[in-house]
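Here is a quick tour of one protein model, written for someone who has the structure open on screen. Have a look at it before reading on.

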Amino acid sequence: MSKPISRILLVNDEKLVLKALVKGLNAAARQLDNPLGATFIGVETAQEALAAIREDGDIQAVIVDDQLHRVGEQGGARKKKLQMSALDLVHAIHAHRPELDVYILIAQQDEAEVVNTLLCEAVDGYFYRDDPDYFGWYRILSTQLLERAHTPFYDKLKQYVFMAKDAWHTPGHSSGDSLRGSPWAEDFYDFMGEHIFRGDLSCSVPMLDSLLHPTGIIDEAQQIAAKAFGAHRTFFATNGTSTANKVILQTLLAPGDKLLLDRNCHKSVHHGVVISGALPVYLDSSTNLEYGLFGPVPKQLIFKAIEDNTDARAMILTSCTYDGLRYDLPPIIAKAHEHGIKVIIDEAWYGHARFHPEFRPTALEAGADFATQSTHKVMSAFSQASMIHVNEVVEFNEHVFRENYNMHTSTSPQYSMIASLDVARRQMSMEGYKLLSRTLALAAELKELINSTGVFRVLELDDLLPEEVKQDGVRLDPTKVTVDISASGYTVDDLQKLLFERYNIQIEKSTFNTITLLLTIGTTKSKVARLYDALMRISRETRAPRRLYRTPAIPHFTRLKYLPRDAFYCGGELAPLLDEADQVNQALAGRVSSDQVVPYPPGIPVLVPGQVITPEIISYLVNLLRSQKQTELHGVVFDGWLPCIRVLTAEDEAGLRTLDGKA
Ligand SMILES: Cc1ncc(COP(=O)(O)O)c(C=O)c1O
């Protein structure tokens, strides 16, 4: 295993003092235990300090002198001027890399005054310059770094596995004993590896704590995660952000409570509406028909929805979207809060944002009350491993949250998934900045290489943004790269097949005219080179370019006649989308959907339970079914070859109350 490096930066404008401090602390690091590879370096100015923090991803802590001067000439006399106050420097460091430990070196006489002036969350501790106890200082610095790098759950899991206790409990494979030596199953054991099985334990092991009632190492791991991600409380979720969203909606919303939601929200949010019995107010997302992409909801539309629904209990938006578009959240959240509306941000694709200034502010930094993140999507956790971050302090009802959390969580959670969350957090906290800097550099390089093919073109923010949100301060996560492929002459399905079969490349997703490449902290230079090689070769085939396929416009939202929960729990009946002449079944117009119907891509529900069906909606679905691009239609059921959807019967409707009081 490669050894960690932890550089600790001292900022002091007095050359000799700085030299002595660096020397003394490095000597202490050499003589004492140094598991994290701590070394000390020094700079004399605030500007040099900020440059070092920007450029050196191995810097883990900073010690700032309480008064930084620069020497200037004034009327021939040398005079000292303040470079930047220590507090300003601490804030600048925190704004750039909030994960760093920051200490103040007190040189002034009145230390109480310094501590009072500099008292802020970003300061982790103080050292007194006239008391250079280098061993003591080093131990304090080293202990704090070790705390940040600590993985309580993962460490204990490993320790337990190495104790090799005899298992008289679940799971049935009993540390893999049922598989080893089996002619039918040993190959699975060999393929997966020993520790997958040895680490697959059950809640019968008390020293491993309980995800459903954490009081030990899981609680500790969650607390460290909360600090790292800037949350008040953090909860690990082992069934993805799909479950995390449902837990929060069910916690916040009682039946009939109003929820403002982007219609483009992930289907788990729509499921949360059904489960909670909430009354949804759908906000239409902006649409870019040229590239078949769905953008954020226009800011003015959100503001108007808030003003029109000041009685709403909560609002949920997705930021960033699958395509990397992120809202200018602070004013939106502030507007919702003006009316006491809780804000939940689905950051399934944006969990890494805390660890690089390019991506910030995070939803929590922008003031959101809750954020859900798929730690597995772009960081190192196993699939399904997500986090729920809570920023409510006084109003957070932990008991109600816990009841809902437990309702959605298996009583046999996968322990390696919990360990992976612990480790993913450690990795981001200790080297997230460095890894994300590399990923951003690779994204810039990839973009240049793709554009240099002259055939494939990376879409810029301006290409991606639908017209109606161009002035809304929306930004793009550069690690999600959307490429216009139309000039290659290939259809997207054929190109995907070619990349997969001939070039061994699997992409993230596609639309009619684009492919999307997802860069993560695991993206390497070799993968970039191989992708470029493939695209360059395909470009040289000189096929005739084709026109952009125009994505069928998604029909606007129609009337919501019944509460989604009421409509969903009716039996309903299956009704065909096509009539006997194989044409659009006009008889469906005016009927009410019992299910959510979601074409994927784009993944936006065309129908939700309780919504009135129109001829445009049926035509849209039929067009998608007949289109040459394969589109999954979630919610469409095939009765033999006939595509059907579930709708309410007349008897169902007779038993329901309409939302607007009309028939
Ligand atoms: C916006 C959004 N939210 C939530 C989810 C669900 O996340 P998970 O796969 O972690 O359940 C997804 C999945 O793609 C998503 O795109």
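## How α9 and α16 cross

In this predicted model, helices α9 and α16 cross in a left-handed way. Helix α9 covers residues 217-229 and helix α16 covers residues 415-452; their axes sit 10 Å apart, at an angle of about 30°.

Which residues make the contact? From α9 you get Ile218, Ala221, Ile224, Ala225, Ala228 and Phe229, while α16 brings in Ile418, Asp422, Arg425 and Ser429.

## The seven-stranded sheet

Now for the strands. Seven of them make an open sheet with mixed pairing, in the order β8-β17-β16-β15-β13-β9-β10. At the edges are β8 (233-237) and β10 (279-283), each of which pairs on one side only. Going from one strand to the next, the twist averages 20°.

Take a look at the β10 end. Strand β9 (residues 258-262) runs parallel to β10, and five bridges join the two.

## Aromatic pairs

The count of aromatic pairs comes to 17. One of the residues involved has already turned up in the helix contact: Phe229 of α9. Phe229 pairs edge-to-face with Phe355, at 5.2 Å centre to centre and with 90° between the planes. Phe229 lies in helix α9 and Phe355 in the loop between β15 (342-346) and β16 (370-373), so this pair ties together parts 126 residues apart in sequence.

Another pair to click on is Phe568 with Tyr569. Their ring centres are 5.1 Å apart and their planes are at 80°, so this pair is edge-to-face. Phe568 has 33% relative accessibility and therefore counts as partly exposed, whereas Tyr569, at 56%, counts as exposed.

Finally, there is a cluster to pick out: ring pairs link Tyr103, Phe127, Tyr134 and Trp137.

Notes:
Residues are numbered from 1 along each chain as its sequence is written. This is a predicted model: local features need pLDDT of at least 70, side-chain atom pairs count only at pLDDT 80 or more; totals for chains, interfaces and linings use all residues. Side-chain values use heavy atoms; hydrogens and water are left out. Axes are lines fitted to C-alpha atoms, for helices over the stretch in contact, and angles run from 0 to 180 degrees between N-to-C directions. Helices (H or I, at least four residues) and strands (E, at least two) are DSSP runs, numbered from the N terminus. A crossing is left-handed if the near helix is turned anticlockwise from the far one by less than a right angle, and right-handed if clockwise. Contact means heavy atoms within 4.5 Å. Two strands pair if DSSP finds at least two bridges between them. Rings of Phe, Tyr and Trp (its six-membered ring) pair if their centres lie within 6.5 Å; planes under 30 degrees apart count as stacked, over 60 as edge-to-face and the rest as tilted. Buried means under 20% relative accessible area, exposed over 50%, partly exposed in between (1.4 Å probe, protein chains only).
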